Amino acid sequence: MPEQSLPFTTASPTGRDLALEHQLAVQRAGRPADPLLSLVVPVYDEEESIDLFLDTVTPMLERDGIRFEVVFVNDGSRDDTFARLFERSRADRRVRIVNLSRNFGKEAALTAGIDHARGDILIPMDIDLQDPPDLIGAFIARWREGYDIVYGIRTARHADTPAKRVSAGWFYRVFNSMSPVRIPPNVGDFRLVDRRAVEVLRQLPERNRFMKGLFAWVGFNSVGVPYERPERAAGTTKFNLWRLWNFAIDGVVSFSTAPLRAWFYVGIVIAAVAVLYALFIVTRVLIFGIDTPGYASLLIAVLLMGAIQLLSLGIIGEYLGRLFIEVKGRPIYVVEGVYEDVPPKPPAT
């Protein structure tokens with residue numbers, strides 16, 4: 001009897017797949033054929049990187065026929081960064097400068113760039129070219145498929161030190177285990193964001209900004225594009241271990257109350273142990289009589305409880321400090337001026 005071949009079958013799409021495809025189709029239908037791209041580039045003491053960045057990115061976007069603007073946010077640079085940006089802006093009207101009155105930090109500078117960007121789509125980028133410009137085309141292609149956020153996934157981080165790679169892996173695991181908002185591992189700020197997601201970001205008034213979490217919080221349909229993170233093209237990084245540590249604390253505290261809840265449970269466990277130990281001491285005294293307590297065990301117990309109390313107060317203080325900043329309601333950043341080579345507007349009548 002000849003062997004019968006089984007017919008080839010493919011898995012039928014699930015209801016979730018069909019719903020996603022319908023969402024993407026609706027978004028595709030409303031996408032402009034010739035969108036304006038806004039590159040948002042925060043800079044701080046990066047005078048030697050400006051020409052290299054623009055001379056690399058501009059020809060690439062022109063070659064692909066992409067309408068674009070480059071929104072530089074000068075975050076209180078102390079060198080000639082603003083002067084160099086001003087020269088390039090006068091030579092190319094697509095280069096705009098949002099000059100902050102002082103240094104407010106990268107998250108605030110990125111927020112300022114998002115607020116001032118005019119594009120239909122927006123891509124935050126680092127000026128050191130560790131965010132590869134040749135990935136912009138792939139981002140736009142996935143956006144045309146209907147996705148609202150397209151983020152880059154770092155598949156290799158050879159430029160980072162082993163300590164930074166390990167600590168980054170720990171951070172993503174700890175954050176995602178504590179926060180209801182999940183951040184894709186090995187994903188930075190380099191991503192494409194559709195205008196409707198940008199408008200949601202602009203509605204978030206919080207002063208303690210953790211942009212990776214905010215990008216994830218807004219939701220919408222997202223997809224990742226893998227890439228290898230290259231070496232820094234010019235300049236030196238402005239992040240050291242201490243700043244990265246504080247940045248990680250800001251991220252966890254901004255999106256999770258798990259540390260507060262954890263110390264509530266720690267208190268319950270310690271209280272239960274204390275009650276059980278007290279019952280043990282009372283029972284032993286009733287049965288065997290009074291004995292002299294040990295000095296070492298008493299000292300250890302006092303030091304342990306003191307350390308736990310100080311640690312718990314420190315965690316509460318982190319939340320109270322951020323609440324104090326939010327209650328004051330100060331602006332996230334202050335703009336000294338916006339500089340761009342545009343024709344003067346006629347006076348209002």
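**Notes on the predicted model**

1. D64 forms a salt bridge with R63, and their closest N and O atoms are 3.4 Å apart; a salt bridge here is a side-chain nitrogen of Lys or Arg within 4 Å of a carboxyl oxygen of Asp or Glu. D64 is partly exposed, with a relative accessible area of 44%, whereas R63 is exposed at 61% (buried means under 20% relative accessible area, exposed over 50%, and partly exposed in between, with a 1.4 Å probe and protein chains only). Salt bridges with shared partners also join D51, D55, R84, E87 and R88 into one network.

2. On the basis of these notes: this is a predicted model, in which local features need pLDDT of at least 70 and side-chain atom pairs count only at pLDDT 80 or more, while totals for chains, interfaces and linings use all residues. Residues are numbered from 1 along each chain as its sequence is written, and side-chain values use heavy atoms, with hydrogens and water left out.

3. The mean pLDDT of the chain (the predictor's confidence in each residue, from 0 to 100) is 76, and 72% of the residues reach 70 or more. Over residues 1–10 pLDDT stays under 50, and the model has zero contacts there beyond four places in sequence, a contact being heavy atoms within 4.5 Å. Residues 343–349 also have pLDDT below 50, with one contact in the model beyond near neighbours in sequence. Where pLDDT is low, the predicted coordinates should not be read in detail.

4. The chain has eleven helices and eight strands, taken as DSSP runs numbered from the N terminus (helices H or I, at least four residues; strands E, at least two). Of its 349 residues, 39% are buried. Among the contacts with a separation of 6 or more, 84% are between residues 24 or more positions apart.

5. The largest nonpolar core has 34 residues, and L37, L39, F53, F72 and I123 have the most contacts inside it; such a core is a set of buried Ala, Val, Leu, Ile, Met, Phe, Trp, Tyr and Cys residues joined through side-chain atoms within 4.5 Å. Among the elements that each supply at least two residues of this core are strand 1 (36–43), strand 2 (67–74) and helix 5 (136–144), and the largest share, five residues, comes from helix 2. A second, separate core of 17 residues includes Y151, V193, V198 and M211.

6. L24, in helix 1 (residues 15–29), is buried with a relative accessible area of 5%. Leaving out residues up to four places away in sequence, L24 touches E145, G146, Y147 and N221. L24 and Y147 are 123 residues apart in sequence but 6.4 Å apart in space, C-alpha to C-alpha.

7. Helix 4 (residues 106–116) is largely enclosed by the rest of the structure, because eight of its eleven residues are buried. Those buried residues are E107, A108, A109, L110, T111, A112, G113 and I114.
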